[in-house]
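Hi everyone, thanks for coming. Please have the sequence and the 3D view open while I talk, and stop me whenever you like.

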Amino acid sequence: MDISLGDRTIRCLTISLVFLGCFLSPLPTHAQDPREIIDRVDRIMRGESSIARFTMDIRTENWDRSLTLRAWSLGTEHALIRIETPRKEAGTATLRAGQEVWNYLPRVDRTIKVPSSMMMGSWMGSHFTNDDLVKESRLVDDYEIEIAFEGERDGVEVWEFLLVPLPEAPVVWGKIRYEVRKADFMPIWARYYDESDEIMRTMTFSEFRLMGSRLVPTVMTMEPADKPGETTVVRYHELDFDVDLDEDYFSLRNLRRQR
Amino acid sequence: MGDRWIWWRLAWRNLCRNRRRTLITASALAFGYLASVTMIGLWGGMMTEMIETGTNLVSGQLQLHDPDYYPERSMYTTLGGRDGIDVDELLALVRDTPGIVAASPRVYGGGLISSGSETVAGMLVGVDPVHEVEVTRLLRTPVEGRAPRAGEREILIGRDMANVLDVGLGAEVVLVAPASDGSLGNDLYRVSGIFATGVAGLDGSFGILPIRSLQELMALPENRIHEVAAAVEDPWAAPALGDSLAMALAARGLDYSVLPRPWTVFRAELAEYASLAGAVNGIVVGIIFVMAVFGVANTMLLGTFERRREFAVVRALGTGPGSVALTVVYEGFILGIMALAAGALISVPVLYWLHNYPPDLSNMFGDFTMAGSVVRPVLRAEYSVDGPLISAVALLITSILSALYPAYRAVKVLPADALADI
């Protein structure tokens, strides 16, 4: 049921920031070690702060809609996303603080906590889930990571990482595959599989540009495998890193502030 | 002609010869009949109650949807698709169908219900409060407050949900539900009442609100509904009624199709349980009459032995073994008819009593659950044609079967030996 708010957007944002931070930082000397690369990503993202403005174009079988959003993030624990347009929904916001997700609904001037049972629900009707927002990018903690492929694809040197969850890891995916460009460590796509090895969704990264003085993929497209033709496209327009934000910023009081 | 009836007459006279024994034997069969009819009636009563409580609480006995509504139950799959339907026209057609007692429109949505820092995920059901009470009883008896009123932003929630949200009557709750335009519908509603069914799935996660309110929350126009729920006169007729209704609607030239879904589909476990109960009836009837077979056969065997000399005489006078056997079988049959008449006579008042003034064992036992339905411990017997008919056939078969072995023994009597024994 599409109840939850904000999963996908936030996850998208988080993931994108993770990748951005990861791939733009100086790489360790043994960059080919998959764990080190991913760990580096995690480490860089922790304590990283950012402010972004992006659009989210959602296409479904039943409707299309476009949202403009503004997002603030601090590490992997804190994120705040606020809808700017359409006007009818302006001010609607989602806060992630620790493992909790809250939504602010300006129409009724109330905040509501998203229950754990709704974490797999979609955010604002997009193809991202609330869980995308809450799950940290501690991939090295939750996944066994190996290089599944290394070589040239479509004329580009790439790595393909295979991430298999550790036995006790609290994750929903059966495995994840990432393809990363070797030259600049830009992600190309991430494919998410369920436990029966069925592909569930694909996130594609594109339009790599300098933003906030870093090279980042500015467009991310999420395609659910079970709904062909449906997509959510996140397009970054502004992105700043290492901004002055602290944890107090990610408070319920701030969530209610409509700007 | 006279020859043919003579064996019946003989059989009758034999029965009259020892009236006390005949009476006792017939009584055994008659009480067997009473036991059988009562058991079937009580089972029937229990099944009827189970089906009623299982279907008239929230679901109704017959539902109409868009053919693609199940199994996904997408909010977009409304009757008539995106264009919607003339809801009043469909309701009128359904209500005019013979066998259908009432019909009411519904809209379903998944959503969050929140108060303070507590939020629960729930199923939101939009109903027409005026007509819904004719189909189901959830709105009829809230334990607190009242049902939501049409035109008001009110909601009826379950006791468990009220406890989790820590809200009482008059409290404001926030409803959040994905809307059909992709936006997130949200609004404030006042708790008008609280229900308590004892069914955890309902009490913890159902929120019922006026249909128009839910349509507004979900950005659905008035002509888009997910379901028409109907109550029918005879629950067992619901599947056939659904099919004929769908055909009748198609014949009316409606430009959309409707898929009927009787309770035997959406509460298949109830239907299976009821079928199982039918099989149990057969076993119970079988046991009762098998027990009777041995008792009756024993008595008849005694009677046959007493008449060994008579059989020997008639055989010596040239009567065939078949005719001798027939006399005994006829005896059994006549006994069966007498027992049936007596059994029917005593069964009628007992059934009438159990149907109209059923013993209520609530003091001794609490309500219990069968196949997910709450059943009261009330021994109410349901009238049926099958019960008395099956029991009557079983009784007559029993009486004939009981006579077969004695008949065989009678045929086996050797005239010379039997006469010489005297």
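Before going on, some ground rules. This is a predicted model, where local features need pLDDT of at least 70 and side-chain atom pairs count only at pLDDT 80 or more, while totals for chains, interfaces and linings use all residues. Residues are numbered from 1 along each chain as its sequence is written, and chains are lettered from A and ligands numbered from 1 in the order in which they are written.

Back to our proline. The peptide bond between Tyr70(B) and Pro71(B) is cis, with omega about 5 degrees. Chain A has a cis bond to show you too, from Thr85(A) to Pro86(A), with omega near 5 degrees. Pro86(A) sits in the loop between β3 (78–85) and β4 (93–97) of chain A.

Why point these out? Most residues other than glycine have a negative phi, and most peptide bonds are trans.

Now for phi. Asp197(A) is not a glycine, yet its phi is positive, about 70 degrees. Look for Asp197(A) in the loop between β10 (187–193) and β11 (199–211) of chain A. Is Asp197(A) buried or exposed? Asp197(A) counts as exposed, because it has 8 C-beta neighbours inside 10 Å. The rule is: buried if 20 or more other C-beta atoms lie within 10 Å of a residue's own, exposed if 12 or fewer, partly exposed in between, with C-beta atoms placed from the backbone.

Glu207(A) is also not a glycine and has a positive phi, about 50 degrees. Glu207(A) is in strand β11 of chain A, and with 11 C-beta neighbours inside 10 Å it counts as exposed.

Next, how do the chains meet? 24 residues of chain A are in contact (C-beta atoms, placed from the backbone, within 7 Å) with 19 residues of chain B. On the chain A side, strand β6 (residues 110–113) gives the largest share, three residues.

Finally, chain B is assigned domain 1 (2–55 + 270–421) and domain 2 (62–266), with bounds from an automatic or database domain assignment. Their centres, taken over C-alpha atoms, are 50 Å apart. Five residues of domain 1 are in contact with four of domain 2.

Terms used: Two residues are in contact if their C-beta atoms, placed from the backbone, lie within 7 Å. Helices (H or I, at least four residues) and strands (E, at least two) are DSSP runs, numbered from the N terminus.
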